[in-house]
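Here is a briefing on ring pairs, charges over rings and helix packing. Please view the sequence and structure first.

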Amino acid sequence: HLRRLAGRRLPAPILDFLEGGADDERTVAMNGLAFDRYPLSTRTLVDVSQIDTRTRILGHDLAAPLIIAPTGAGELFHHTAERAVASAAADAGLLYTLSTMSNTSLEDVAAESTGPKSFQLYVFRDRGRVESLIERCRAAGYTSLCLTVDTPISGNRERDRVNGMSIPPRWTLRNVLQFATRPRWSIDAMTRSKFVLANFNDVDTGTSNLRDKAFEYVNRQFDRTVTWDDARWLATLWDGPLVVKGILSADDARRAQDIGASAVWISNHGGRQLDGAAAALDCVPAVRAAVGKEFDVIVDGGIRRGTHVLKALALGADACAVGRPCLYGLAAGGKDGVARALQILGEELERSMALAGCPTIADAGPHLLHDFAPGDIRPA
């Protein structure tokens with residue numbers, strides 16, 4: 001329902017930007033289809049009069065094993081952007097992750113939200129910029145960092161190329177009619193949204209020319225030479241939990257442990273980077289086996305139902321991250337829409353746990369998966 005509402009409000013190029021992936025979008029599809037390969041079993045005659053979805057991740061007690069994934073350019077979907085998502089996450093008792101590429105500064109998000117917050121960043125060519133962002137996060141009260149490692153270059157997102165979609169969006173002959181069919185979005189875009197890279201406000205001072213320079217600056221900062229040595233260097237700069245996001249293999253998960261990470265985040269970037277990459281869910285058992293029981297494992301990719309969360313937990317994840325569901329809610333109704341998306345996932349998870357005979361998150365083990373033994377890895 002929220003997706004339909006978002007589709008009614010967003011111009012086609014913006015909706016395609018939200019939903020699209022790389023190349024033939026096979027990995028986008030596989031992320032969702034992977035959940036169908038793991039049918040649930042149940043434990044019956046269990047007292048499920050009280051369902052407790054609470055869990056502890058990265059040192060925080062959360063209302064549910066849900067994390068808000070970093071998504072950039074929030075003003076594309078609603079003028080309240082990251083402030084609305086962070087505030088809704090705080091109200092729901094969940095951990096919010098702010099993207100480096102946000103349209104709201106990390107300081108403004110911290111002022112808006114009293115909930116636990118993580119900051120997602122890259123190792124840029126300008127290491128001084130990385131150090132500056134870390135110091136700002138520390139001063140603003142962010143409790144963890146999320147290092148994204150799967151973006152040495154951008155994936156080939158063909159929908160955006162066909163639509164002439166750019167960040168920030170530009171009004172062209174190709175898309176002006178599509179934007180005009182969504183007047184509410186277009187009016188907001190022209191009157192309320194600035195589409196600035198707010199975490200680079202020393203480059204972006206608000207004029208269109210300097211705004212473009214900020215985007216050009218950031219695009220030049222992605223570094224193909226980044227290695228595990230750079231990740232280790234970053235870990236030494238930060239005195240709190242560090243999550244390495246973009247892991248798909250057991251070997252990389254062990255390397256993340258070796259450089260001092262506190263958690264790994266299994267992700268193929270929502271299918272937006274390497275098309276044909278494994279579905280994130282299928283990678284959970286091997287990663288869990290590699291890092292052991294006491295190391296936090298997060299997974300994203302195609303999570304749309306409470307049963308999806310339950311299956312990920314049964315495979316060995318500690319929490320699931322959601323991005324697109326929050327953006328559907330944001331586009332449909334700002335903060336209220338995000339809150340509704342999180343409410344739906346929370347209620348579905350609670351209902352699924354009751355039906356499966358799992359009173360607590362700790363009860364969600366491999367026994368929930370039909371004919372599935374711990375250590376099994378099913379083919380994609």
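Rings of Phe, Tyr and Trp (its six-membered ring) pair if their centres lie within 6.5 Å; planes under 30 degrees apart count as stacked, over 60 as edge-to-face and the rest as tilted. Ring pairs of this kind link Tyr122, Phe124, Phe200, Tyr217 and Phe222 into a cluster. The model is predicted: local features need pLDDT of at least 70, side-chain atom pairs count only at pLDDT 80 or more, and totals for chains, interfaces and linings use all residues. Residues are numbered from 1 along each chain as its sequence is written, and side-chain values use heavy atoms, with hydrogens and water left out.

**Aromatic pairs**

- The structure holds eight aromatic pairs.
- Phenylalanine 17 and phenylalanine 77 have ring centres 6.5 Å apart and planes at 20°, so this pair is stacked.
- The two sit 60 residues apart: phenylalanine 17 in helix H2 (residues 12–19), phenylalanine 77 in the loop between strand S3 (66–68) and helix H4 (81–92). Helices (H or I, at least four residues) and strands (E, at least two) are DSSP runs, numbered from the N terminus.
- Phenylalanine 17 is buried at 15% relative accessibility, and phenylalanine 77 is buried at 1%. Buried means under 20% relative accessible area, exposed over 50%, partly exposed in between (1.4 Å probe, protein chains only).
- Tyrosine 122 and phenylalanine 124 form a tilted pair, 6.0 Å centre to centre with 35° between the planes. Both residues are buried.

**Charges over rings**

- A charge sits over a ring if NZ of Lys or CZ of Arg is within 6 Å of the ring centre and within 35 degrees of the ring normal.
- The charged end of arginine 272 sits over the ring of phenylalanine 17, 4.9 Å from its centre.
- Lysine 245 lies over the face of tryptophan 265, 5.5 Å from the ring centre.

**Helix H1 against H15**

- H1 (residues 2–9) and H15 (residues 324–356) pack at about 175°, with axes 10 Å apart. Axes are lines fitted to C-alpha atoms, for helices over the stretch in contact, and angles run from 0 to 180 degrees between N-to-C directions.
- The two helices are therefore roughly antiparallel (angles over 145 degrees).
- In H1, the contact residues include Leu2, Leu5 and Arg9; in H15, Tyr328, Arg340 and Ile344 are among them. Contact means heavy atoms within 4.5 Å.

**Helix H14**

- H14 (residues 306–315) is mostly covered, with nine of its 10 residues buried.
- Its buried residues include His308 and Lys311.
- The cover includes S3, strand S10 (319–322) and H15.
- Glycine 316 follows H14, with a positive phi near 130°.

Definitions and conventions:
Angles under 35 degrees count as roughly parallel, over 145 as roughly antiparallel, 65 to 115 as roughly perpendicular and the rest as oblique.
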